[in-house]
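Dear colleague,

I am handing over the structure we spoke about, and it is shown just below. After it you will find what came out of going through it, beginning with the overall layout and then moving to the individual parts.

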Amino acid sequence: MLCIKRIVAFTLFMVLLCVLVGCHQEERIKASKAETQQTEQIKIRPFTVEERQSEGYKSLKEVVTSDEIETVVEIFENAEWKEHIEVDMALPPEYRFTLGSINYAIWVTPNRDRLEIIAEGQAKYIKLPVKESEDLFNIITGKEL
């Protein structure tokens, strides 16, 4: 009889332990998702685009309309970034700007049909598809790619 009580007590203890561990894991996952969403969300505010010149960077355009800013944010949020990657480009970026708290460095590919972008300080890189490259380039420079 004593043996059966020990087995029942041990089983209840193990079930309770599993429930507690499972609940704790679920909370950690929820917290992790909340942190990721907070850090990746870009604030919609006007920003200034700088263009590389021989003597340094010069302000090229201020993006102020909410439609343009929202389009840029959409492009960046929907992009399939390569993460945890360090990219070493041969030249400094042709364009750069800060959106939210993230500095973006932009290069035009040699074929002049796509943009390569680095989110500085975040080890993120992307070569945008042609359509998104054209849209982003038009917004940040006012010119066709």
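Read from the N terminus, the elements of the chain follow the order α-β-β-α-β-β-β-β-β-α, which amounts to three helices and seven strands. Please keep in mind throughout that this is a predicted model. Of the 145 residues in the chain, 27% are buried, and the accessible surface comes to about 10300 Å², with 53% of that area belonging to carbon and sulfur atoms. Among the contacts in the chain with a separation of 6 or more, 49% are made by residues 24 or more positions apart.

On the strands, strand 1 and strand 2 form a hairpin with two residues between them, and the two pair in the antiparallel sense over seven bridges; one of the pairs to look at is V49, whose bridge partner in strand 2 is K61. Strand 1 also runs antiparallel to strand 4, to which two bridges join it, and here E50 has R96 of strand 4 as its bridge partner.

Helix 2, which covers residues 66-78, has 13 residues and reaches 18 Å from its first C-alpha to its last, close to the 18 Å expected at 1.5 Å a residue. Its residues I69, V72, V73, I75 and F76 are buried, and because they cover an arc of only 160° around the axis, they lie on the same side of helix 2. As background to this pattern, an α-helix has 3.6 residues a turn, so residues three or four places apart point the same way. On the other side of helix 2, D67 and N78 are exposed. The cover over the buried residues of helix 2 includes strand 1, strand 2, strand 4, strand 5, strand 6 and helix 3.

The buried residues in helix 3 are S133, L136, F137, I139, I140 and T141, and they sit on the same side of helix 3 because the arc they cover around the axis is only 170°. What covers these buried residues of helix 3 includes helix 2 along with strand 1, strand 2, strand 4, strand 5 and strand 6. After helix 3 comes G142, whose phi is positive, near 80°.

The largest nonpolar core has 26 residues, and those that touch the most other members are F47, F76, F97, Y104, I117 and L136. At least two residues of this core are supplied by each of strand 1, helix 2, strand 4, strand 5, strand 6 and helix 3, with helix 2 giving the largest share, namely five residues.

One loop residue may also be of interest to you. V87 lies in the loop between strand 3 (82-83) and strand 4, and at 30% relative accessibility V87 counts as partly exposed, since that class lies between the limits of 20% and 50%. Leaving aside neighbours within four places in sequence, V87 is in contact with I118 and Y125. The C-alpha atoms of V87 and I117 are separated by 9.9 Å, the two residues being 30 residues apart along the chain.

With best regards

Technical notes: Residues numbered from 1 in each chain as written. Predicted model: local features only at pLDDT ≥ 70, side-chain atom pairs only at ≥ 80, totals over all residues. Heavy atoms only, no water. Helix = DSSP H or I, 4+ residues; strand = E, 2+ residues; numbered from the N terminus. Expected span 1.5 Å × (residues − 1). Buried < 20%, exposed > 50% of the residue type's maximum accessible area, 1.4 Å probe, protein only. Arc of directions from axis to C-beta. Contact = heavy atoms within 4.5 Å. Areas by Shrake-Rupley, 256 points an atom, 1.4 Å probe, with all protein chains shown as cover. Pairing = 2+ DSSP bridges. Core = buried A, V, L, I, M, F, W, Y, C linked by side-chain atoms within 4.5 Å.
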